[in-house]
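Take a look at the model below.

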Amino acid sequence: MGILKKITGFFINVFVLAWDFGLFIINILTPSLKPGHVVPAHAAGHHLTWPEYVPPKGDDSRSACPMLNALANHGILPHDGKNISFKELNTAVRQTFNFAPSFCFFVPKFSADFLNRSYWTGRFDLAELSLHNAIEHDASLTRQDAALVPDQGKPDLKLVDDLLKEATAKMPDGSPLLTIPDLSRALSKRRKDARKTNQAYSENLFHNIFGSSNSSTMLTIFGGRITDLTPMLTEERFSEQWEPRVLSRFGLTMAKFNGTVLPVEWGAKSKTAEH
Ligand code: HEM
């Protein structure tokens, strides 16, 4: 990478972190959105109605990310999952999931960088996001490791079932709820199992943090609700009347998200140490 690119990258990251922290503060100072009104007007999913779900077929491109695949399955991103611009990804993730604009820029920009493309003009197919050890890593909760199952575009239903069964809490109506300790336990078991079954297994702190971050969206954006996570993780489909459970006016910032990711990762590490 050229020195100029490195310097620009550094300043972009500093700017994004400052922007994110600013939004974190503004979210504290401004009233939250009302349940039922989280997805903005003119965006798919406004008024809790999602475009029709059509499962992938033929050579449709899908990634290791259940939530991005769901965007394509509902036609919010192109249904074939191909030729998507990074800017389009930013908008779709912001409007659909109520992540803060700082996050919605940061992750697609990170993806453009690891694919060696421009964030501003570049395009990608969903499957390209599954580049091993970029964001995609071993010991995922919804996919077998890439060395064992090279097509990362489909969920492993046994792994998903194991994860959903970890939920120990209950919603007021009695439906199951996934908690921080549940997720830490699931991650720790999965890492232990993947180390045993995959000879090419690789793991470092970076991969672990990605693992905890990806899966912590289940606790934040999905509020841990198993009734919504079940269709999302098994069919990559939004449940009827779904909406993001984060009500912050400017979306879920990275600063706030870390309040879930770090305890999840800490818990997973401590549980692994116990074994
Ligand atoms: C902003 C663009 C995004 C990109 C580029 C992206 C990319 C990825 C990738 C490459 C993986 C595979 C990681 C692994 O190996 O486990 C992944 C997994 C995942 N992502 Fe995303 N993602 C994005 C947005 C989101 C959003 C908005 C959500 C939630 C609302 C989300 C939730 C998840 C979940 C739950 C997993 C599965 C984790 C697992 O199987 O352990 N992602 N994502």
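Which residues of helix 8 (residues 226–235) are buried? They are Ile226, Asp228, Leu229, Pro231, Met232 and Leu233. Buried means under 20% relative accessible area, with a 1.4 Å probe and protein chains only. Helices (H or I, at least four residues) and strands (E, at least two) are DSSP runs, numbered from the N terminus.

This is a predicted model, where local features need pLDDT of at least 70, side-chain atom pairs count only at pLDDT 80 or more, and totals for chains, interfaces and linings use all residues. Residues are numbered from 1 along each chain as its sequence is written, and side-chain values use heavy atoms, with hydrogens and water left out.

The cover over the buried residues of helix 8 includes helix 2 (66–73), helix 5 (157–164) and strand 4 (176–177). Just after helix 8, Glu236 takes a positive phi of about 55°.

Cys65 sits in the loop between helix 1 (3–29) and helix 2. Its SG is the single protein donor to the iron atom of the ligand, 2.4 Å away. Donors here are N, O and S atoms within 2.8 Å of the metal (3.2 Å for Na, K and Ca); water is not among the atoms, so sites may look incomplete.

Last, the cavity. A search of the whole structure finds one of 30 Å³ or more. The lining consists of His137, Asp138, Ala139, Leu187, Arg191, His207, Asn208 and Gly211. Helix 7 gives the largest share, three residues. A cavity is a set of points on a 1 Å grid over the protein atoms alone where a 1.4 Å probe fits but cannot get out; lining residues have an atom within 4 Å of a point. Volume is the space filled by probe spheres set on the points, which are joined across faces, edges and corners.

Notes: 1 Å grid on protein atoms, 1.4 Å probe; cavity = no way out; pocket = protein on both sides within 12 Å on 5 of 7 lines; lining within 4 Å. Buried < 20%, exposed > 50% of the residue type's maximum accessible area, 1.4 Å probe, protein only. Contact = heavy atoms within 4.5 Å.
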